[in-house]
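Here is a friendly walk through one protein model, written for someone who likes to know the cut-offs behind each term. Have a look at the sequence and the fold, and then read on.

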Amino acid sequence: MRYYISYISSLPRFNISFKKSIGMKLEELILDCYFNLFKCGPKDFEWFYDTYYGSCYKFNADKTKFSLKKGKLNGLDLKLYIPKPYREKNLLSESIEVKNK
């Protein structure tokens, strides 16, 4: 799948709406989302396309949310739905990546 997405992204004839249609939608992916104990959701994420990973989502892209404390009850608390094929050990490291920047 990774090679297929990379190939598609290199072809100029595929527009952004087609690329957005590949992969899971954010509404399907997020089961629970809290930031500083307040409910958050898809509206708090920004979609972008990576030629290696495909559809990606960035939390707090507008930089309006911040946390002054650290710990389990502060910051982003996210529960994601990961379909069974992606949970297998050999696919997980290649298909799903969570980055904290």
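Two rings of Phe, Tyr or Trp (its six-membered ring) count as a pair if their centres lie within 6.5 Å; planes under 30 degrees apart are stacked, over 60 edge-to-face, and the rest tilted. By that rule, the structure holds 3 aromatic pairs. Please keep in mind that this is a predicted model, where local features need pLDDT of at least 70 and side-chain atom pairs count only at pLDDT 80 or more, while totals for chains, interfaces and linings use all residues. Residues are numbered from 1 along each chain as its sequence is written, and side-chain values use heavy atoms, with hydrogens and water left out.

**Aromatic pairs**

Two of the pairs are set out below.

| Pair | Centre to centre | Angle between planes | Class |
|---|---|---|---|
| Phe35 and Phe59 | 5.4 Å | 45° | tilted |
| Trp47 and Tyr49 | 6.2 Å | 40° | tilted |

Strands (E, at least two residues) and helices (H or I, at least four) are DSSP runs, numbered from the N terminus. With Phe35 in strand E1 (residues 30-35) and Phe59 in strand E4 (residues 54-59), their pair links distant parts of the chain, 24 residues apart. Ring pairs also bring Phe45 into a cluster with Phe35 and Phe59.

Are Phe35 and Phe59 buried or exposed? Both are buried, where buried means under 20% relative accessible area, exposed over 50%, and partly exposed in between (1.4 Å probe, protein chains only). Tyr49 has a relative accessible area of 19%, so this residue is buried as well. Cys56 also counts as buried, at 15% relative accessibility.

**The sheet around E1**

Strands of a sheet pair through backbone hydrogen bonds, either parallel or antiparallel. Here two strands are taken to pair if DSSP finds at least two bridges between them. An open sheet is formed by 3 strands in the order E2-E1-E5, with antiparallel pairing. E2 and E5 are the edge strands, each pairing on one side only.

E1 pairs with E5 over 5 bridges in the antiparallel sense, and Asp32 stands opposite Lys79 in E5. E1 also pairs with strand E2 (residues 38-39), again antiparallel, over 2 bridges; Tyr34 stands opposite Lys39 in E2. The hairpin of E1 and E2 has 2 residues between the strands, and Asn36 takes a positive phi near 50° there.

**The disulfide**

A disulfide is a covalent bond between the sulfur atoms of two cysteines; the criterion used is a pair of cysteine sulfur atoms within 2.5 Å. The structure holds 1 disulfide. Which cysteines form it? Cys33 and Cys40 do, with their sulfur atoms 1.9 Å apart. The torsion about their S-S bond is about -90°, so the disulfide is left-handed. Cys33 and Cys40 are both buried.

**A nonpolar patch**

Leu80 lies in strand E5 (residues 76-80), and its relative accessible area of 34% makes this residue partly exposed. Together, Leu76, Leu78 and Leu80 make a nonpolar surface patch of about 210 Å². Patches are made of residues with over 30% relative accessible area and no salt bridge, with nonpolar side chains (Val, Leu, Ile, Met, Phe, Trp, Tyr) joined within 5 Å and like charges within 9 Å. A salt bridge is a side-chain nitrogen of Lys or Arg within 4 Å of a carboxyl oxygen of Asp or Glu. Accessible areas come from the Shrake-Rupley method with a 1.4 Å probe; for residues, only the protein chains shown count as cover.
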